[in-house]
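Have a look at it first.

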Amino acid sequence: MSAEVLLQATVQGLQMGAIYALIALSMTLIFSVGGLLNFAHGDFMALAMYGALALYQSFALDAYAAAPLLFFGFFLLGFLMFRRLVQPVLAAGVLAGAQLTLGLVFVQENFLLMVFGGDYLSVPTVLSNKNLVIPPLTMPWPLLVGSLLAVVLAAILYVVLMRTDFGRQVRAITQNSDAAALMGIRIDRVQAIAFGIGIGLLGLTGAIIVAQFTLTPAMGLDFTLIALIVMVIGGLGSFAGSMIAGAIIGVSESLGSLLYGGTVGAMIPYAILVLVLLFRPHGLMGEH
Amino acid sequence: MLEISGLVSGYGRISILHGIDLRVEKGELVALVGVNGAGKTTLMKTIAGLIRPTAGRIAFEGSEIAGEGAERAVAAGIALVPEGRMVFPRMTVWENLMLGGVHPRARPYREATLERIFDLFPRLAERRDQKAATMSGGEQQMLVIGRGLMAQPKLLILDEPSLGLSPLLVQETYGALRKLNADGLTILLAEQNVKLSLAVSNRGYVIENGKIVLTGASSDLARDPATRKAYLGRL
Amino acid sequence: MSRLSRLAAVGALALMTGVMSVAPSFAKDVKIGVLMPRTGRYAETGLSVVRGIEMVVNNTNAAGGIKSLGGGKINLVIADNGSDPTKTSLEARRLMSEEKVSFILGPYSTPEAQAFMPVADRYQVGGVGLQTTVIPTTPYFSTISISAEGFGKAYADAVKWLISKGAKINTVAITYANNDYGQVVSKTAAAALAAQGVKVLESIAVEPSVKDMTPIVLRVKSLAPDAVISVVYFQDGVLLHKARFNLGYTSPIWLGGSAGFSDDKLWGTLGKEVAEKTLTSSFGLAFYSADGKLPGLKDALQKGTAAYPDKVLDQSFMFGVQAARFLVQALENAGTDDPVKVNAAFRGLKFKAGDPAIVLPIIPGDVHYAEDGTLAGTSAIFVQWKDGAKHTVYPEAVASAKPIIEGVK
């Protein structure tokens, strides 16, 4: 295997990894709100991708231009959903919350099936099929933009969570919600906003990476799986950990497929997950 | 300042408080004493809005706050320093204190209050950037008191501040409370340590099985044979 | 002519007219089940199949029904299996035991067929699978598609044909979807190619849920084969073409299928830019292409356009038509509605090349049912794309265009 090919596969893997990390970031945020594991995560993103499709078909709006719109739309969706649906269920326990998100998987998949049908669809964007070529490397622009955005968003999220009052409130609720209430923190509102931002980020993510994928109503599950793996490897609640884990998964998957074929490549994320759980149960950057 | 009458409260369908009457006047340091399980913590939590009472009234500076929630209590000027040192373990001392003053009522004075708290507890200033979980029990107790003060309370409620502290640290903590009270802060103190709490307070209440059984000036209570027999004798 | 023979002739005539005048009262309608997904994942496909079946049945009934049943009409009992194997089994049972159908058109997919076969075997009512790549395990189930082994062989045959056309193919790399179907196709193709003296450099397994095909294409590229065979579904196929496009690796002769190289929606999904760079030079294995040179297909397209002017007459529609036309012939041959006899007649079907009952281009010549319930005489077809339209190039018997082969004039 030539060095050129190895380099190309590594760069490709890094970019895919950044996309994985981007999806895991919002899952990490949602998890930091009352420990909710969102199994409908990938499905919300699929919904955003179909949203980008609808905006493109109706108004010829490019997915990249639609990204901020989808962010706000999904923020509202998340905010309202938390208030009306998630919060009452979550009050009955984290398990009930997880079951609710499992239910949302079916609701969303069938909704997409009903509205858009079961066929494969794609959304053309200004960046579709454009490559940045820096010999010997070829980098698809959609992946490049997605991965840069992942890094920027991770940094913003880190700053917001670690350096602002809002972020401290979110963390306070996670660490001790009774004590947080005693500080006069409006737990329900802070959580609804954090959940809204998490879902909003998925709206943004869906629009940014739609050029890279083919749309089908059941596509969400694969993304949920990869986000879960990345989040657990990185350490629950750690944004830096998700970024690093995304990169590790992306590169190892890519190099594994290149060197040993696609089946080995596809097994690698699970193998890494098992190793991490064995030797660092709290993840690479997780706190005890 | 605080006027409680006929308060019935508890968890779910189980009532723990069966008609509590209690008053705290501005500038007082009032002690609430009783054994473990008498209902002290339930009463504190109900005043702070964490538990919704089933009957009775809680008036604070003339307005009703019973069952209005913790945010309302903080907004009115009540801060509870909970039992068991509920710090935010994975945050630094500074972050814990900042959260204490996160309510809009307290936020504008945060920097100034922080200075005062660092004066009161110099140890917290030294540990400013340390994670709360890594500190000793006494330091954590200082932290939660400091955090409570960050909310700019008119009434500071403390639940068992001496629990699990060494005698030296207990002295230090009580010294700080006395100083705060002398500076004009109204304090309601719940304690199992009857001797100590009656020594620092102006007035006291004795709670037993969710009912107030005795009340009066702390010095009288400390001399009262009933109190002596029931609590002090055991010390 | 003797008196006796004259008498016999008159008697015979009288008997004949007697029979003929009595015939209408013997006209026997026949109940046929249709077991297709009309909800769930494959709903669109199932609905299209049902349109094809209904068209043939309506035309047959309008033209006087089944002659051997005295002009009996076909009554369809349509059941929905919700794209689900469990429901397939339940509905099959209901059609056989309660509706008492004589035969079932369906089910559609391989998992559905696996749920269907034990039921058919128990109730002794036959069925025909439309897009099932399994080999039937009961005499009461037949298929009209091609088995996975058939696909594997088709790739090797196509490579042989390309070599005969002047292509230089000494080495081949295979990528395959890592499941039962993909493994069988890959293995059969590799064995057949080796037997032809073509060297298979490597067979690379790819999970169908793959999210990026770039590393796989890089691996293929580093092998530098003369030709590549890719067994892909739709989504992994799209990712394959995108990776080929992004890496600018379009030089080897690329064969593949089925959905990822020949689905009607592929060109639109990829977009013109990518499709022109990848699909136009590829050979896509397919079950169906509307341009196939068959009289039965032209007739079905004409009637279909008249019956459903606003619908796309896709592959699924034509499979429905094919199944229904086979059944009409089987009923005609059986002359009864007894399920066992109808099934035997179905298994006994034989058609000559060019018979109007044949609509699928995968049946280029004479055809009959083999012992195992698969059609003998089918061959996968290969299409090439040009400006968004598919053109059949192989087998030449049904081809509508000449192949464009990289490096061959």
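How many residues of chain C are in contact with chain A?

## Before we start

Keep in mind that this is a predicted model: local features need pLDDT of at least 70, side-chain atom pairs count only at pLDDT 80 or more, and totals for chains, interfaces and linings use all residues. Residues are numbered from 1 along each chain as its sequence is written, while chains are lettered from A and ligands numbered from 1 in the order in which they are written.

## Where chain C meets chain A

Back to the question: 29 residues of chain C are in contact with 29 residues of chain A. Here, two residues are in contact if their C-beta atoms, placed from the backbone, lie within 7 Å.

On chain C's side, the elements that each give two or more residues are α2 (43-62), β7 (199-206), α7 (214-223), α8 (234-247) and α11 (272-278) of chain C. These labels count DSSP runs from the N terminus: helices are H or I runs of at least four residues, and strands are E runs of at least two. This side of chain C splits into 13 nonpolar, eight polar and eight charged residues. Ala, Val, Leu, Ile, Met, Phe, Trp, Tyr, Cys and Pro count as nonpolar, Asp, Glu, Lys and Arg as charged, and the others, Gly among them, as polar.

## Where chain A meets chain B

Chain A puts 16 residues in contact with 20 residues of chain B. On chain A's side, α6 (165-175) and α7 (177-182) of chain A each supply at least two residues, and the largest share, six residues, comes from α6(A). Sorted by class, that side of chain A has six nonpolar, four polar and six charged residues.

## Chain C as a whole

Chain C has 14 helices and 15 strands. Its radius of gyration (taken over C-alpha atoms) is 24 Å, close to the 22 Å that the globule rule gives for 409 residues, so chain C is as compact as a globular protein of that length. That rule is 2.2 Å times the number of residues to the power 0.38.

Along its principal axes, the C-alpha trace of chain C spans about 90 × 50 × 40 Å.

## Two domains in chain C

The domain assignment, whose bounds come from an automatic or database source, gives chain C domain 1 (26-146 + 294-377) and domain 2 (148-286 + 382-394). Taken over C-alpha atoms, their centres are 31 Å apart. Four residues of domain 1 are in contact with six residues of domain 2 in chain C.
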